[in-house]
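Hi everyone, thanks for coming. I'd like to walk you through a few spots in one structure, so let me put it on the screen.

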Amino acid sequence: MNDTSKPIDAIRKMSMSAGNTAMIERYRNHFLKEVTDNVEEGEWVNMCMQCGVCAGSCPLGNAWAHPPQEIFMMIRAGKREEVLTSDSMWMCTSCYNCIVRCPRKLPITHIMHGLARYAERLGLAPKNQPTRKFAMMFWDNITKTGRANEVTLGIRLYFMHGFVNGIKTALKMLPVGLSMIKTKRMSPLGLVAHSGCKGKNDITKLLKKAREIEEARMKKY
Amino acid sequence: MADEKKIGAYLCKGCGLGDRLDISALKVVAEREGKAAIVREHDFLCDASGVAMIQADIDTQGVNRVAIAACSRRAKTEAFGFANVAVSRANLREGVIWVRPDTDENRETTQEMATDYVRMACVEAKFMNPPDANKAATYNRQLLVVGGGVSGLTSAIEAARAGYNVTIVEKGAELGGIAAQLYRQVPEHSPYSDPQDTGVAELINAVSNHKNITVHTRSSIAETDGAPGRFVVQIAAESGTSETKTFGAILQATGFTAHDISHLPVYGYKTSPDIITQFELEQLTKAAGGDIIKRPSDGKQVASVAFVQCAGQRSEQEGHLSYCSGHCCSTSIKQAMYFKNANPAIDTNIIYTDLRTPGAGGEDFYRSGQHKGVTFTKGQVTSVKAEGGGVSVKFKDLILNEDTEEKVDLVVLANGMVPNSGLNIDDPTSAEKPKSASILNLTYRQGRDLPQLKYGFNDSHFICFPYETRRTGIYAAGPVRRPMDIAQTKEDATGATLKAIQAIENAALGRAAHPRSGDLSFPSFKKEGCTQCKRCTVECPFGAIDEDAQRFPVFNESRCRRCGTCMGACPVRVISFENYSVDSVGQQIKNIDIPEEFDEKPRILMLACENDAYPALDMAAMNRQEYSAFVRVIPVRCLGSVNLIWITDALNSGFDGVMMMGCKKGDNYQCHFVKGSELAHMRMSKVDDTLKTLSLETERVVTHEIAITDIHRLPQLINEMASTILRIGMSPLKF
């Protein structure tokens, strides 16, 4: 975890409160402008007409503290802290139902991910949000060899909340695991050796390059 | 043509009529009972040879009353539109064979229906006269336009270009009205992204330079007398001079006044110079020439502005308008763009409860505002107050469901529009109001201004006939008719002008205007019988009837729409039309055969409005919706024309039930004569007493509101009535 060669860690390193303070200073009382300027697809927030179709279409709507419609309204109302520390946009499963239905054609899924990423970059994302945690584990796992190692990923995930919980979850998921092994969807050897993909080195290079670009961008903050 | 009435009855065998009905038996009926001098059948009456056969009889045999037993009177109107004769129609296709099953056990009752209809058509023809046009018709190509705003100017230029002479009477010193004081207008053309020039200056220029347009500014209407084709109008100038001119038609384009909300403390209007109305912002922007607007209080450049929508509108609270003024949302977007276009860093927030941007480009314009960074907040404003060198707007955020506050430099209130529609003639005190309170100062018995429909607007029917007012030849256009913006106003004025031109042309030929457009008949009355009861003059929905010195009715034919409401109102039955009278319907009722009580064949009379109910019945027939064979349908011009004598006669002669089918009444009326259906319902509500004196059950007479779409409901209502009769038993009054 101390290996800074991973771009995500670069971002994580950047996500210091200094960046956050700079942004607060730059966009005083203009959170909407901040979002428009810095969040991926953020300029679309202007175009929401508050019909609420996204909120009604979200299959996980009940799990969200603030549905997309509200998030957009909160951005317009300048509720910076509330939006960026919210776990709502982390609940998005990218089912794209909202994008399909939005009468104003807002790329809502992308805006949600954009907001989550921006909050993460500024170090405001909720630390223990499970989706966020899993996303990071998955990234670490897949960037090592260019291919996901289901065994280690599973183990890290199960033991995320302590040893006892890990054992409990592992036992519960045992039949699934065995079926995956049987159908060759997962190799138990992954525990000791994971072959990864063919162009493992190219992937590493590619990620390195991406990290450089990202770091150059980060300098702004 | 002989003066004597000679009936020719023509029976069609086409469309299955020949297969389903015994045509030779019907011929005997037409001859013996219908007293037709000539009776002929034809395989396809509406084809060229059939029509030629009838025309030949008219030309050589002296037939002047034609009874056609074929399809509905709504079908084949061109083929059977014979000139200079009276034509009646027996509806054997839509009224009989298409609504009855083709089975042996039903053959007898189906034939009975046809027999009645043939007899009825013959007798109707006998009691009809081919109408002569109104002899007093005059052709006057002058159009009076009251009001010199966008609607009046548009109307004037459109009429002038169409070759008519126009006189504009404008109260103010200048033409252009409110629109002339606007900085820009909401865009009318694609891409609907930015405010555009109002074009009012060009419009004023075009009107001022047109040789067929005369403009009277600082003037008002002192009196309007007459009727379409011969309006006599006194135009009084502020200077005290007066001029009398005659006009063919009048267009009222008196526009609106901004709603005064200074009495509503919640919006804080007039408590601070930084709380202004939309109109005041237009004036400020115009004065600034589009530069960044300075705050009225201290001249500081405005850095943030909040627009409060529906300020004093769309609420039933005291002092609020209960309607939506339609233009304000688009106007606020436009005004927010004034700021954004001058400097994108200016905060512009539009606080709305429901954003409404009507018109083709409305959504595009809304989107354009969003692109420019105008913020839209769904919220309900609870207070606007000057505070600490700015203005505080408190509102409830309706999405986040919380009370919140915004501090801005300037607040713009969307205060809405109130029509300049003159006197409310339904208000009993209106007669005492001074001349200046009225716009048209009509000499009509029914009041000095146009009747108002709702909220003081002179609207007619929103969808079916928007420009028609209840004063023939006088049309309302623009925001006086209903709230609208500049683009809609121009369209509206053009449409109303066309209607005014139609009125001029129809008046010249002595023909009716909408909806019986082209009808040459008009009501006449027998003075000997008249009791001067004034019911006709009061109930005429169109103010067509005045009173003379002895209180006898004076009919103004060209104001009349030929609905027959006067005929229905007249208790002594002295009012009639050449081709539609108490007799022409009454005799049909008398000629319906009433079987004896023990035949168990009840008879239901249906009087169906020809505008909605009758076409609905025809459509039901086209869909082969079956209904009881015991009903006999007589179309009427309007339920308002139904005279109570028809009902009492029908019941006295042994009818078991009477159904009256009119249009929807009330505020959202669909009655083509506006008040006809309502009057009929009111009159029929008193029919119960008559029924009780005849010791009949009150269920025997029913009145229904029918829409043209009630294709399935109508047959159902007929069948319900038939089962009601079955339940309560046959009428005891059969002989």
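Before I point at anything, one term: a polar contact here is a pair of N or O atoms within 3.5 Å, and within protein one of them must be able to donate a hydrogen and the other to accept it. Please also keep in mind that this is a predicted model.

With that, let's go to B:Asp519, in the loop between α11 (486-508) and β22 (524-525) of chain B. What does its side chain reach at 2.9 Å? That is the backbone nitrogen of B:Ser521. The B:Asp519 side chain also makes a polar contact, at 2.8 Å, with the side chain of B:Arg516. Is B:Asp519 buried or exposed? Buried, because its relative accessibility is 9%, and the cut-off for buried is under 20%. Further along the sequence, beyond four places, the residues it touches include B:Arg562, B:Asn579 and B:Arg637.

Next, helix α7 of chain B, residues 200-209. Its buried residues are B:Val200, B:Leu203 and B:Val207. They span an arc of only 60° around the axis, so they sit on the same side of α7(B). The general rule is that an α-helix has 3.6 residues a turn, so residues three or four places apart point the same way. The buried residues of α7(B) pack against α6 (150-161), β6 (165-169) and β7 (213-216) of chain B. On the other side of α7(B), you'll find B:Ala201, B:Glu202 and B:Asn209 exposed.

Last stop: B:Ile594, in the loop between α14 (582-590) and β26 (604-609) of chain B. Setting aside neighbours within four places in sequence, its contacts include B:Phe655 and B:Lys734.

Technical notes:
Residues numbered from 1 in each chain as written. Chains lettered and ligands numbered in written order. Predicted model: local features only at pLDDT ≥ 70, side-chain atom pairs only at ≥ 80, totals over all residues. Heavy atoms only, no water. Helix = DSSP H or I, 4+ residues; strand = E, 2+ residues; numbered from the N terminus. Contact = heavy atoms within 4.5 Å. Buried < 20%, exposed > 50% of the residue type's maximum accessible area, 1.4 Å probe, protein only. Arc of directions from axis to C-beta.
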